[in-house]
Each structure stands twice: as structure tokens, then as C-alpha cells.
Amino acid sequence: MDESIIGQILEKQVLSAAKAVEDKLDEEIAALDRLDPDDIEALRERRILQMRRAAERRAKWRSMGHGEYADLPEKEFFAAAKASERLVCHFYRDNWPCKVIDKHLSILAKQHVETRFVKVHAEKAPFLTEKLRIVVLPTLALVKNAKVEDYVVGFDELGGKDDFSTEDLEERLAKAQVIFLDGEGPANASKNATKRSVRQSDTGHSSDSE
């Protein structure tokens, strides 16, 4: 097809899309113009109530350890899983692959206050690792409503290498519905769109068998 014809088709598509957006904005502006003072006040009060409830919810989550990424003793795992509706638990040992996961989860814990992020040292939690059948490290146990619903084992689902981005892991956790993709933490509003990644420094291994 001639390039000029292709250009004309693309131009028409762009203009059509722009017109649709403009029409939508015009409709929203017209709807606002039709509101009387009582309607505007009702909307304002509803918004204030929503903001208050959201603040109360975040405060409750933070009081339960949300917004931080910290070690969790084996004996506290089940209580934590029951207390938080959503929990991501990193079973780790002191090696490079687990440190890669640590860096990403430290970021996500701040952005996703709706979910609690913890880590359990596998060698210090023999009962838990056996019960949950943790074999490969790192492994993330994704818990919803006190039940382990899914696992992320090693880096296989994240490209197979340690240079995956925080967003790659974020999308995998969102797929399991253990986080909300738009986040709940205040840090998410200023989130940099640039891909963040942690590069390999010491070894090429993407995971370690227990």
C-alpha cells in the first residue's frame, strides 16, 4: 500500500480518537455544569468519607506490620497469615538470589500497604518449610485469607535471570491477586515509571536448592 495512503489512514484514526476523547470531556463538563450546589456538596462529603475510610484502613494495616519488609519467626507465621488478608512470605537463605528478591520486596512493601510482606529464614524454620513443601530458595508463598494460594519459585517465572525488574515481580503478584496493581501506599503516587532492576554481582545462579 502506498505510504501516503497509509499516512492518511493513520491521520484519520488519530483524529477520530482525539474527537472521541474531546466528546467525552465535553460530556463530563456538561454533567458538572448541571449539578446544583446541593449535588456538589454531596459529592464533596462522599469524597471526604472515602478518603477518611481509606486513611483508617491504611492506619490499621500499618499497625499490623504492613508497609514494612521484615523477618518473621517461624512460630508467628500462621498468626500473621490469619491477621492479614493478603501476605507475601519470602523463604530465604543468605545467598545472592535471595538478596535480589529482598531488594524488590523492600520496594513493593512500601508501595503496597494493602499486603503484608515478610521473610522467613528457611534453615531456621524446618517445620514450616516441610509443611509448605519449600524445596527451592528463594520461594515466595502467596497467602490469601490464611491459605497459601500460590508460589513463586526461583526466577523461572520472572525471565529466568536475576535482572528482572520490580515491575515484573509486581505483575506476577498482582496476577495471583495478592496485591492491587494500582497500589495502596502513598509511595505509589510518585512511583518512577523507569524499570528498576537488580543486577547480578557474584554468581549466575537464579535459585538455590534447599
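Modeller: We begin with how elements are named: helices (H or I, at least four residues) and strands (E, at least two) are DSSP runs, numbered from the N terminus. With that numbering, Arg 133 is placed in the loop between helix 5 (126-131) and strand 4. Please keep in mind that this is a predicted model.

Biologist: What is the phi value of Arg 133, and is Arg 133 buried or exposed?

Modeller: Its phi is near 60°, a positive value in a residue other than glycine. Arg 133 is exposed, because its relative accessible area is 75% and exposed means over 50%. Gln 177 also has phi near 60°, again positive and not in a glycine. Gln 177 belongs to the loop between helix 6 and strand 7 (208-209), and it is exposed at a relative accessible area of 53%.

Biologist: How should I read a sheet, and in what order do the strands lie here?

Modeller: In general, strands of a sheet pair through backbone hydrogen bonds, either parallel or antiparallel. In this model, five strands make an open sheet in the order 1-3-2-5-6, with mixed pairing. Strand 1 (69-71) and strand 6 (147-153) are at the edges with a single partner strand each, so one side of each has no neighbour in the sheet. On average, neighbouring strands of the sheet are turned by 25° against each other, direction ignored.

Biologist: How many bridges join strand 5 to strand 6?

Modeller: Six bridges join strand 5 (residues 139-144) to strand 6, and the two run antiparallel. As an example, Val 143 has Val 148 of strand 6 as its bridge partner. Helix 4 (residues 96-111) packs on this sheet and touches strands 1, 2 (86-92), 3 (116-121) and 5. The direction of helix 4 makes about 160° with that of strand 2.

Biologist: What is the idea behind a nonpolar core, and which residues have the most contacts inside the largest one?

Modeller: In soluble globular proteins, nonpolar side chains tend to be buried together. Here the largest nonpolar core has 21 residues, and those with the most contacts inside it are Leu 105, Phe 117, Leu 140, Leu 142, Leu 169 and Leu 173. Helix 4, strand 5 and helix 6 (166-175) are the elements that give two or more residues to this core. Helix 4 gives the most, with six residues. Beyond its neighbours within four places in sequence, Leu 169 is in contact with His 104, Leu 105, Leu 108, Leu 140, Leu 158 and Phe 164. A second, separate core has 19 residues, including Ala 80, Leu 87, Val 118 and Ala 125.

Biologist: Is Lys 119 buried or exposed?

Modeller: Lys 119 lies in strand 3. It counts as buried because its relative accessibility is 15%, and buried means under 20%. Leaving aside neighbours within four places in sequence, its contacts include Tyr 69, Asp 71, His 90 and Asp 102.

Biologist: How many disulfides does a search of the whole structure find?

Modeller: A disulfide is a covalent bond between the sulfur atoms of two cysteines. The search of the whole structure finds zero disulfides. Cys 89 counts as buried at 0% relative accessibility, and Cys 98 is buried at 1%.

Biologist: Which residues does a cis peptide bond join?

Modeller: A cis peptide bond joins Leu 137 and Pro 138, with omega about 0°. Pro 138 is in the loop between strand 4 (136-137) and strand 5.

Definitions and conventions:
Residues are numbered from 1 along each chain as its sequence is written. This is a predicted model: local features need pLDDT of at least 70, side-chain atom pairs count only at pLDDT 80 or more; totals for chains, interfaces and linings use all residues. Side-chain values use heavy atoms; hydrogens and water are left out. Two strands pair if DSSP finds at least two bridges between them. Axes are lines fitted to C-alpha atoms, for helices over the stretch in contact, and angles run from 0 to 180 degrees between N-to-C directions. Contact means heavy atoms within 4.5 Å. A nonpolar core is a set of buried Ala, Val, Leu, Ile, Met, Phe, Trp, Tyr and Cys residues joined through side-chain atoms within 4.5 Å. Buried means under 20% relative accessible area, exposed over 50%, partly exposed in between (1.4 Å probe, protein chains only). A disulfide is a pair of cysteine sulfur atoms within 2.5 Å.
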